[in-house]
Each structure stands twice: as structure tokens, then as C-alpha cells.
Amino acid sequence: MQTQLSQLLSGRTLLLLIGVWVLLSVSQTVHFYLYYEQTLLNSIYWSFRDWLVWFAIFAFVFVVTSKHKHILAVSPRSLLIVTTLAICTGVVHILIVNSIGNLVGTATRPFWVDFGRLYSKRWLQYLFTFGVFWLLLKNYFSQRSTVETNLANDSPQTTLKVNDGKKSHWLKLSDIAFIEAAGNYACIDLGNEQLIIRATLKSIESQLPEPTFLRVSRSHIVNTHAIGRSARVSRSKLQLEMNNGTTISVGRSYWSRVKQALEI
């Protein structure tokens, strides 16, 4: 939660939030002062207090939503959750505002009388306020997701995540010499050790970047940076000698692809 709040309240975002809070509070102050003919002091106090509480509630909803982004999707379940949140935030807002009024001694009516009066008058305003905030929230996470995806696509992959059935491993791609299929298992050669995982070579291949990793046969994927030399055994047979001394034969159907990739 602290990490999400620090992101929310950092730098320009904090200044923007303060600016929006002041703007909304001033607008509501004018409304209270002119329309309801309240004193200027009460108008300022009520307006700044109301919007400060709203922003505190929105910060909490932001943190919760960032951990459960599935509720931003359009589905019957998410719509039910959003509707419930919209109603609950209005109730919470009035409870907090009324509590502040009672604590500082500005309340003019009994707590629950004032609660019923305010909610009966403002429920539509609360739903509208939450609706605007929710649309901004959806737009924010949508844009952030796009940026994260672009960054992920632009950044070179450096690790491969695999699971041996007991625990997960994040392997440096530069440490992987080659990967060999063994039925429903795959053996990853790391130079000084081997890691056996339950996975197909095809599924691993889809996670590896090209052209660094190259499928050279039905049972082998090699790290092209770990190839020491290549040797043509016959006209249609090629062998690759890895830096660790292992010899791997190139499959006949992979020959043209390997030849082009390695510029042999």
C-alpha cells in the first residue's frame, strides 16, 4: 500500500492533486456562499473538508484497484462491484464528514439525523463523483498498461523463468548453453550444472528471444553465443560444437534455417 501511495503522491502528480482539490473546494465554496447563503467561513470549511475526505477515499480505492485490476473489466461481476463501491463510498464520505463535525463541535443536528439528511440530498452527487473518478481510474490503468507493455517490448529479455516442480528459477539467458528435450521433460544445460524441468521444447522456445536462441533439431535449442565452432560432417549433415565441448547435430529439416542464422 505504501508503494502505491508513494506513486500516487509523487512529484507532479501530488501538485496536480492539490491543484484539483483547491479548485473543486473553491468552486463548492462559491456554491455554498451564494446559493445556500452560508457564511464565508463555513462555506470554506465545509468545501475543503468535503473534498479532502473525497480525495482520501479515492486514494484508498486507487490502492485497492491497483491490486485487483480485474474489477476494471466490463463484466456483470465487475459492474456489481463498482456499483457497490459507488454506494459505499458515499456512505463512508458522510460518516467521516459527520464524525469530523462532531469532533470539532460544528455539528448542528444529531449524528444519524444529519447522516440521513445529507445522503438523501447528495446520493446522486456522490454517484456522479464516483463515476467520474472511476472513468479516470480506468483511463489511468489503461495508459499505464500500454506504457508497461511498450517498455517490456523495447527492453531486451535477460532471464527465463522455469519451474522444476518444487520451485521457480530465473535463469540468466547468458548462462544457458543449450536445452535438450527428453520426452515431457527438458534439460537445460547451464555449463557447470543441468536443470531438469517438466516442459516441452516448443513451450520453452516461445519464451526465448531470437536470434540468440535457435532451434537446431527436434530435440535441441542452442544459445548461438555458446557455439564454439561448426563442422560439416557430410553434404547434408552439420554438427555444432558448444563451448563446453558438447556436440549437437543439426536436424535435416532445420539445416537451411541454421545456415541462414549462423551465416555458414
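With which residue does arginine 49 form a salt bridge, and how far apart are the closest N and O atoms?

Reply: The partner of arginine 49 is aspartate 50, and the closest N and O atoms of this salt bridge are 3.2 Å apart. A salt bridge here is a side-chain nitrogen of Lys or Arg within 4 Å of a carboxyl oxygen of Asp or Glu.

Some ground rules come before the rest. This is a predicted model, in which local features need pLDDT of at least 70 and side-chain atom pairs count only at pLDDT 80 or more, while totals for chains, interfaces and linings use all residues. Residues are numbered from 1 along each chain as its sequence is written, and side-chain values use heavy atoms, with hydrogens and water left out.

Arginine 49 and aspartate 50 are both buried. Buried stands for under 20% relative accessible area, exposed for over 50%, and partly exposed for what lies in between (1.4 Å probe, protein chains only). Over the whole structure, the search finds 6 salt bridges.

Another of the bridges joins the side chains of glutamate 205 and arginine 215, at 2.9 Å from N to O. Its partners come from distant parts of the chain, 10 residues apart: glutamate 205 is in helix 6 (residues 201-205) and arginine 215 is in strand 6 (residues 213-217). Helices (H or I, at least four residues) and strands (E, at least two) are DSSP runs, numbered from the N terminus. Glutamate 205 counts as partly exposed because its relative accessibility is 23%, whereas arginine 215, at 12%, counts as buried.

The side chains of glutamate 210 and arginine 257 also meet in a salt bridge, again with 2.9 Å from N to O. Here the two residues are 47 apart in the chain, with glutamate 210 in the loop between helix 6 and strand 6 and arginine 257 in helix 7 (residues 255-262). Glutamate 210 has a relative accessible area of 56% and is therefore exposed; arginine 257 has 32%, so it is partly exposed. Through salt bridges that share partners, Glu205, Glu210, Arg215 and Arg257 belong to one network.

The peptide bond from glutamate 210 to proline 211 is cis, with omega near 5°. Most peptide bonds are trans. Proline 211 sits in the loop between helix 6 and strand 6, the loop that also holds glutamate 210. Strand 6, which carries arginine 215, also contains phenylalanine 213. With a relative accessible area of 4%, phenylalanine 213 is buried. Its C-alpha atom is separated by 9.8 Å from that of alanine 226, 13 residues away along the chain.

The nonpolar surface patch covers about 740 Å² and is made by Leu14, Ile18, Val22, Val26, Val30, Tyr33, Leu34, Leu40 and Ile44. Patches use residues with over 30% relative accessible area and no salt bridge, joining like charges within 9 Å and nonpolar side chains (Val, Leu, Ile, Met, Phe, Trp, Tyr) within 5 Å. Accessible areas come from the Shrake-Rupley method with a 1.4 Å probe, and for residues only the protein chains shown count as cover. Tyrosine 33, one of the patch residues, lies in helix 2 and is partly exposed, with a relative accessible area of 41%.

Helix 5 contributes the most, with 6 residues. There are 23 lining residues, and Phe32, Trp46, Arg117, Leu118 and Arg122 lie nearest the centre. By class, the lining has 7 nonpolar, 10 polar and 6 charged residues. Ala, Val, Leu, Ile, Met, Phe, Trp, Tyr, Cys and Pro count as nonpolar, Asp, Glu, Lys and Arg as charged, and the others, Gly among them, as polar. A pocket is an open set of points on a 1 Å grid over the protein atoms alone, where a 1.4 Å probe fits, with protein on both sides within 12 Å along at least five of seven lines; lining residues have an atom within 4 Å of a point.
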